[in-house]
Amino acid sequence: MKTSAIVYCENEFGKLDGKVANGLVRHSEKYKIVGVIDSTKSGLDAGEYLDGIKNGIPIFHNFNKAIEVLDSVPEYFIYGIAPLDSLLSDEEKKIVYTAIKTGMHIVNGLPEFLSDDEVCIHLSKKYNVSIFDVRKPPAKKNLHHFTGQIREIQIPVITVSGTDCAVGKRTTAIKLVEALKNEGLNAIFITTGQTGILQGSKYGIAIDVLSSGFATGEVENAILEALKEQPDIIVVEGQGALSHPAFTSSSAIIRGAMPKAIILQHPPKRRTRCDFPKIPMPTLESEIKMIEIFSGSKVIAITINHEDMNDQEIEHTTKIYEEKYQLPVTDVLKSDCSKLVEKLKEIFPDLIRVNPILCQPQE
């Protein structure tokens with residue numbers, strides 16, 4: 001059974017920096033999310049606010065109100081914000097301390113590790129709770145260097161890359177894996193960030209806190225580990241953007257995964273980089289060119305992040321992109337992954353041989 005958890009996301013739920021909470025509300029194999037804390041959306045249903053579909057997860061004004069209303073104290077308190085400034089404020093630390101005193105285990109996705117905080121250490125011992133810093137890397141003796149074994153893998157390995165941070169790469173990857181499983185294929189998702197780990201991904205590690213050599217090696221190793229399940233296809237979550245000057249995770253993922261195909265996620269209405277308002281967004285043309293030169297692979301589809309877009313704009317943009325780039329284009333939250341699955345079947349016919357039902361026409 002899933003363990004109960006409440007997610008702290010003050011003033012950020014549904015926004016770019018609230019992507020950890022957003023992801024957990026949409027999908028979690030590990031936790032049963034029983035509430036979100038965000039005073040600016042207090043009283044709303046989290047699913048309805050995020051995607052227009054009620055899911056029964058309430059949004060609370062503050063921690064105390066949540067504990068007062070809920071039938072029981074959740075087992076876990078998850079810090080659900082992923083800001084550029086990755087340090088907790090004094091006020092946020094007080095909320096974490098209160099959660100510990102309430103008997104809740106703490107799950108933290110920031111690169112500021114609460115297991116190193118003296119107050120947290122003292123309180124966790126006093127109240128017999130655990131602190132999980134999901135981005136705290138393993139000891140170096142347990143990390144993996146790149147070996148080159150990835151070159152020998154015959155099954156399709158694809159990455160979902162993006163033109164910026166927080167554009168929905170992970171969500172698209174998870175939706176695609178679900179769609180492939182529904183087709184009878186053994187598809188495996190590889191996470192490369194803290195949210196995927198929190199959602200319960202079996203394979204992967206948060207690579208942005210690793211040195212470049214280990215980052216590449218850990219991506220490769222996650223894929224090699226997944227081979228034990230004899231997958232038909234592996235989908236790797238991208239991070240940031242290859243062209244983004246502030247991050248290097250994308251290059252490590254491409255180097256470590258050596259993808260045979262790439263899906264590119266893009267927010268058409270976004271004009272400047274996430275958290276960098278003075279840096280303009282790249283064009284799809286420039287990102288595709290850079291990715292294909294760097295990876296030696298092809299971008300096979302474009303997926304849309306519909307932020308600030310209505311349904312008519314999404315449909316219009318989809319048609320324009322498909323005509324311009326001669327690639328399948330979809331928004332997996334507004335539509336589905338059928339175009340992506342069809343393209344993968346076209347490029348990798350062995351997927352049909354694995355499951356012949358895939359080639360039968362749908363009624």
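Let's start with methionine 258, which sits just after helix α9 and takes a positive phi of about 40 degrees. A word on naming: helices (H or I, at least four residues) and strands (E, at least two) are DSSP runs, numbered from the N terminus. This is a predicted model, where local features need pLDDT of at least 70 and side-chain atom pairs count only at pLDDT 80 or more, while totals for chains, interfaces and linings use all residues. Residues are numbered from 1 along each chain as its sequence is written, and side-chain values use heavy atoms, with hydrogens and water left out.

Back to α9 itself, residues 249-257. Of its 9 residues, 8 are buried, and by buried I mean under 20% relative accessible area, with exposed being over 50% and partly exposed in between (1.4 Å probe, protein chains only). Among the buried ones are Ser249, Ser250 and Ser251, along with Ile253 and Ile254. So what covers them? The cover includes β7, α8, β10 (233-237) and α10.

Okay, on to the sheet. It's an open one of 6 strands, in the order β3-β2-β1-β4-β5-β6, with parallel pairing; two strands pair if DSSP finds at least two bridges between them. The edges are β3 (59-60) and β6 (131-133), and each has a single partner strand, so one side of each has no neighbour in the sheet. Further in, β4 (residues 76-79) and β5 (residues 105-108) run parallel and are joined by 4 bridges. If you want a landmark there, find tyrosine 76, which stands opposite histidine 105 in β5. Packed on this sheet is helix α4 (residues 90-101), touching β1 (3-8), β4 and β5. Contact here means heavy atoms within 4.5 Å. The direction of α4 makes about 165 degrees with that of β4, where axes are lines fitted to C-alpha atoms, for helices over the stretch in contact, and angles run from 0 to 180 degrees between N-to-C directions.

Now look at the loop between α3 (63-69) and β4, where you'll find valine 73. Valine 73 is partly exposed, at a relative accessible area of 38%. Leaving aside neighbours within four places in sequence, valine 73 is in contact with Ile67, Thr102 and Met104.

Next, the nonpolar cores. A core here is a set of buried Ala, Val, Leu, Ile, Met, Phe, Trp, Tyr and Cys residues joined through side-chain atoms within 4.5 Å. In the largest, which has 48 residues, Phe13, Phe77 and Ile78 touch the most other members. Apart from that one lies another core, of 24 residues, among them Ala179, Leu185, Ala187 and Ile300. As for isoleucine 78, if you skip residues up to four places away in sequence, the residues touched include Ile6, Tyr8, Tyr31, Val107 and Leu198.

How many salt bridges does a search of the whole structure find? The count is 19, taking a salt bridge as a side-chain nitrogen of Lys or Arg within 4 Å of a carboxyl oxygen of Asp or Glu.

First up, glutamate 112 and lysine 93, with closest N and O atoms 3.5 Å apart. Glutamate 112 is in the loop between β5 and α5 (118-126), while lysine 93 is in helix α4, 19 residues apart. Both partners are buried, and Lys93, Glu112 and Asp117 are linked in a network of salt bridges.

Then there's aspartate 208 with arginine 135, at 2.4 Å, N to O. Aspartate 208 is in the loop between β9 (203-204) and α8 (212-226), and arginine 135 is in the loop between β6 and β7 (157-162), so the pair ties together parts 73 residues apart in sequence. Aspartate 208 is partly exposed at 39% relative accessibility, whereas arginine 135 is buried at 10%.

The last pair is glutamate 285 with lysine 324, closest N and O atoms 2.7 Å apart. That one links helix α10 (residues 284-295) to helix α11 (residues 311-325), with the two residues 39 apart. Glutamate 285 is partly exposed at 36%, and lysine 324 counts as exposed at 52%.

Finally, cysteines. The whole-structure search finds 0 disulfides, a disulfide being a pair of cysteine sulfur atoms within 2.5 Å. For cysteine 9, the nearest cysteine sulfur is that of cysteine 274, 13 Å away. For cysteine 274, the nearest is that of cysteine 165, at 5.6 Å. Cysteine 9 is buried, with a relative accessible area of 0%, and cysteine 274 is buried too, at 7%.
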